[in-house]
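User: I have a model open and would like to walk through it with you. Can we start at the end of the chain?

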Amino acid sequence: MIRMQSRELPAETLAELADLQQEIDNHPTYLERVRAALELWPSRRRRKVFDRVEKELGDMCPGLKRCMFCEDNGAYQIEHFRPKALYPKLVYAWANYLFACGQCNGPKSDRFAIFSANGKVLELVRTDSDPESEPSVLLDPRRDEPMDYLWLDLRGTFRFKPIHPEGTPEYDRADLTLDWLGLNERDELVEARRNAYDDYLVRFEKYVAKKRANCDAETLKRLRRSIERSTHITVWREMQRQRQTVDELRALFEEAPEALEWP
Ligand SMILES: [Zn+2]
């Protein structure tokens, strides 16, 4: 996971979302707002305004519209970061939307956890009033930089590990995110990251070889683009970050330091 660059929606799109939100907010009690949120979403989701929402979310996604959580599958489900079953006031909030695949969105679903006043992880259950809007435990790729919490083992398991020690809130955030999304448990993701490493390496070696041979700028640009549009961009970012500890990477980045800025 990496942080997504949030985009702005046009004013008219935001206004349409605000109207839809008003439909929910008009209900007098929290439980009625929850019910309305859940009932209305499937039909409202088919409205034209969501074509624009999907377009912007798709452009924010890593690679070619890959899931913001796993980076592997295509993104096609609008995921409410703060679930509509708990936060009916955020059902049509642009900032609350992510674009995810079914395999990530399914298990996460309506789950949400915050840090309680004493710093403990507290999974929210529905009550009869709006829940606290305390900071989330689950990492939000639109607000958090997941790479500040997780690192990817490039030289063995290709699984993510928390950067911070156990007992810290940063560890709890990393640990819960890995657990809820199954980022280490889904074998196909682990294998895809391993393949992505080999793929990035081959492309980067080719780039460096062409650069060494004084190849034309257009070819170099095309090779650069092929790296930038690949899946599992976190693997590439980790290759940049861990270059000093992996011999084959250190040499390549020394020859092509411009690749530290991609993408
Ligand atoms: Zn996914």
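User: Where is the place of Pro-263?

Analyst: Pro-263 sits in the segment after helix 9 (247-255), where helices (H or I, at least four residues) and strands (E, at least two) are DSSP runs, numbered from the N terminus. The peptide bond that leads from Trp-262 to Pro-263 is cis, and its omega is near -25 degrees.

User: What kind of model is this, and how are residues numbered?

Analyst: This is a predicted model, in which local features need pLDDT of at least 70 and side-chain atom pairs count only at pLDDT 80 or more, while totals for chains, interfaces and linings use all residues. Residues are numbered from 1 along each chain as its sequence is written.

User: How many helices and strands are there, and what does the C-alpha trace span?

Analyst: The protein has nine helices and six strands, and along its principal axes the C-alpha trace spans about 70 × 45 × 25 Å. Of its 263 residues, 29% count as buried, a residue being buried if 20 or more other C-beta atoms, placed from the backbone, lie within 10 Å of its own, exposed if 12 or fewer, and partly exposed in between.

User: Which domains is the protein divided into?

Analyst: There is a domain 1 (11-181) and a domain 2 (187-261), with bounds that come from an automatic or database domain assignment. Their C-alpha centres lie 31 Å apart, and 14 residues of domain 1 are in contact with 18 residues of domain 2, contact meaning that the C-beta atoms, placed from the backbone, lie within 7 Å.

User: What classes of residue are on the side of domain 1 that touches domain 2?

Analyst: That side of domain 1 has eight nonpolar, one polar and five charged residues, where Ala, Val, Leu, Ile, Met, Phe, Trp, Tyr, Cys and Pro count as nonpolar, Asp, Glu, Lys and Arg as charged, and the others, Gly among them, as polar.

User: Switching to helix packing, at what angle do helix 6 and helix 8 pack?

Analyst: Helix 6 (residues 187-212) and helix 8 (residues 233-241) pack at about 60 degrees with their axes 9 Å apart, the axes being lines fitted to C-alpha atoms, for helices over the stretch in contact, and angles running from 0 to 180 degrees between N-to-C directions. Helix 6 and helix 8 are therefore oblique to each other, since angles under 35 degrees count as roughly parallel, over 145 as roughly antiparallel, 65 to 115 as roughly perpendicular and the rest as oblique.

User: Which residues make that contact?

Analyst: Helix 6 contributes Arg-193, Ala-196, Tyr-197 and Tyr-200, and helix 8 contributes Val-235, Trp-236 and Met-239. By class, this contact of helix 6 with helix 8 has six nonpolar, no polar and one charged residues.

User: And how do helix 1 and helix 2 cross?

Analyst: The axes of helix 1 (residues 11-25) and helix 2 (residues 30-44) cross at roughly 145 degrees and come within 9 Å. The contact is made by Leu-20, Glu-23, Ile-24 and Asp-25 of helix 1 together with Arg-33, Ala-36, Ala-37, Leu-40 and Arg-44 of helix 2, and its residues divide into five nonpolar, no polar and four charged.

User: Back to the backbone: what is phi of Ser-109, and is Ser-109 buried or exposed?

Analyst: Phi of Ser-109 is near 40 degrees, a positive value in a residue other than glycine, and Ser-109 lies in the loop between helix 4 (102-108) and strand 3 (113-115). Ser-109 counts as exposed because it has 12 C-beta neighbours inside 10 Å.

User: What about Asn-214, where is its place?

Analyst: Asn-214 is in the loop between helix 6 and helix 7 (217-228), and its phi, near 55 degrees, is a positive value in a residue other than glycine. Asn-214 is exposed, with 6 other C-beta atoms within 10 Å.

Terms used
Contact = placed C-beta atoms within 7 Å.
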